[in-house]
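Please examine the sequence and the structure below. The paragraphs that follow consider the surroundings of a ligand and of a metal ion.

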Amino acid sequence: MSVTALVGAQWGDEGKGKVIDILAEKSDVVVRSQGGNNAGHTVVVDGTTYKLRLIPSGILYDNKICVIGNGIVLDPKALIGEMNEIKQSGKSLDGLRIDARAHVVLPYHIELDGLSEKMRGAGDIGTTKRGIGPCYMDKAERSGIRMCDFVDPDIFAKKLRANIEIKNKILTDVYGGRPLDYDTVYSEYKEYARILAPYVTDASVLVYNAIRSGKNVLFEGAQGALLDIDVGTYPYVTSSHPTAGGFCIGTGIGPTLIDEVLGVCKSYTTRVGKGPFPTELENEIGDMIRQKGGEYGTVTGRARRCGWLDLVILRFAVRVNGLTSLAVNKLDTLSGIKQLKICTAYRRNGKIIEDFPVDISELDGCEPIYETLDGWDEDISGVKKFDDLPVAAKNYVRFIENKLGIKVAMVGVGPSRDQNLIK
Ligand code: GDP
Ligand code: IMO
Ligand code: MG
């Protein structure tokens, strides 16, 4: 039996979906615990690309239980759309479960996300506009509608009516937007509730019993450590906890039940949305990485900002997640770059900084300190064993291991299940 948690170690989009899909083969239960359809996890199986947003990436196997935990904010319309895509691809939804405590994203959350971003003007966060922040705001304010409320038509009607009344005031009086019509929203969403009701359960009990009975359980992180609302690059973060502790809160299990925490990173760094990025490459190397790595958002299609690998960030990810090992994806993308740089620390006002700064205003003055490593020319996407990689590619991975003092357990050389080298 093993309980493994998988987290993004950077700013999201590290290739978590691919690694989850690989690990899911040997898992009985796969669990998502935070975020919502702001996540976009790409999985390539036998040449077919799946883009999962709310459903755990284990769904592509027939016999896995796939849990949407209590920490998720769930857009019912988006989930039903995704369920239909899964069905159309011939996969079964029998294993899907939704925790009764998960909060429901409603149209006013999506409206408010867009309007508040607009009002921030140049100071916007660059959210995915999926209503994530406003839904978590309602959760914290204790006015949220949970799945257990949603699937009860009378309770849903009562709570929705009360919420729409207040949200309409905010939409119109604060933001100058248009009010929502209660009857229209209710009649559309009560139908979604009817469709989702059979999947709703107490997932905390389900996951706990699975662990206690010796099953293999895999926690699938969304986003990445630097997007964590507490320890990330606030305010340029998401509204949940993508760090390992988020699995406990977002599933209703205790930390002593988790055996391993695997961090997933890319062999370079990317970020979507606004906020500081010390190793960003706003030049032809950054453009080349973006093109070759296909660095365009899965959810919004936005071009991802690209830069050199930053070990200050990964050191932070090791610390805040208690990582036990690392998977390094997209090593293939770096092929052909003559000299590769890795940031090992920052320099600020003549001082060396090794721990990621708390306050993002400090990051502005941080100049990355780089070590330069030899690149390699070979296309490595067909390599099947770590030992068969070019020497320079092996050295690049070993450099990461030595500097972080953590084992690199997997190396990605392409998007498919079989383009993953186990070290
Ligand atoms: P996630 O959000 O962490 O699951 O990552 P995304 O799916 O948003 O973005 C990762 C992208 O990289 C996807 O297009 C994957 O198919 C792709 N990918 C994952 N691992 C590798 C790899 O090792 N090499 C290459 N070339 N692409 C990869
Ligand atoms: P996956 O799971 C990358 C970013 C947004 C924005 C900030 C806040 O695919 O790695 P939000 O809509 O969450 O309020 O936006 O967080 N963001 C992500 N960036 N990958 C993700 O998920 C992200 N989910 C949110 O771009 O900067
Ligand atoms: Mg993604």
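Which helix and which strand each supply at least two residues of the shell around ligand 1? They are helix 1 (16-24) and strand 3 (41-45), where helices (H or I, at least four residues) and strands (E, at least two) are DSSP runs numbered from the N terminus. The model is predicted: local features need pLDDT of at least 70, side-chain atom pairs count only at pLDDT 80 or more, and totals for chains, interfaces and linings use all residues. Residues are numbered from 1 along each chain as written, chains are lettered from A and ligands numbered from 1 in the order written, and side-chain values use heavy atoms, without hydrogens and water.

Helix 1 gives the largest share of this shell, 3 residues. Domain 1 (3-99 + 200-261) and domain 3 (265-422) both contribute to the shell, so ligand 1 lies between them; the domain bounds come from an automatic or database assignment.

Polar contacts (pairs of N or O atoms within 3.5 Å) include one of 2.7 Å between a side-chain N or O atom of D332 and a nitrogen atom of ligand 1. A backbone N or O atom of K16 is 2.8 Å from an oxygen atom of the ligand.

The magnesium ion (ligand 3) has D13 (OD) and G40 (O) as its protein donors, at 2.0 to 2.2 Å; donors are N, O and S atoms within 2.8 Å of the metal (3.2 Å for Na, K and Ca), and sites may look incomplete because water is not among the atoms. D13 and G40 are 27 residues apart.

Definitions and conventions. A polar contact is a pair of N or O atoms within 3.5 Å; within protein, one must be able to donate a hydrogen and the other to accept it, and residues adjacent in sequence count only if both atoms are side-chain atoms.
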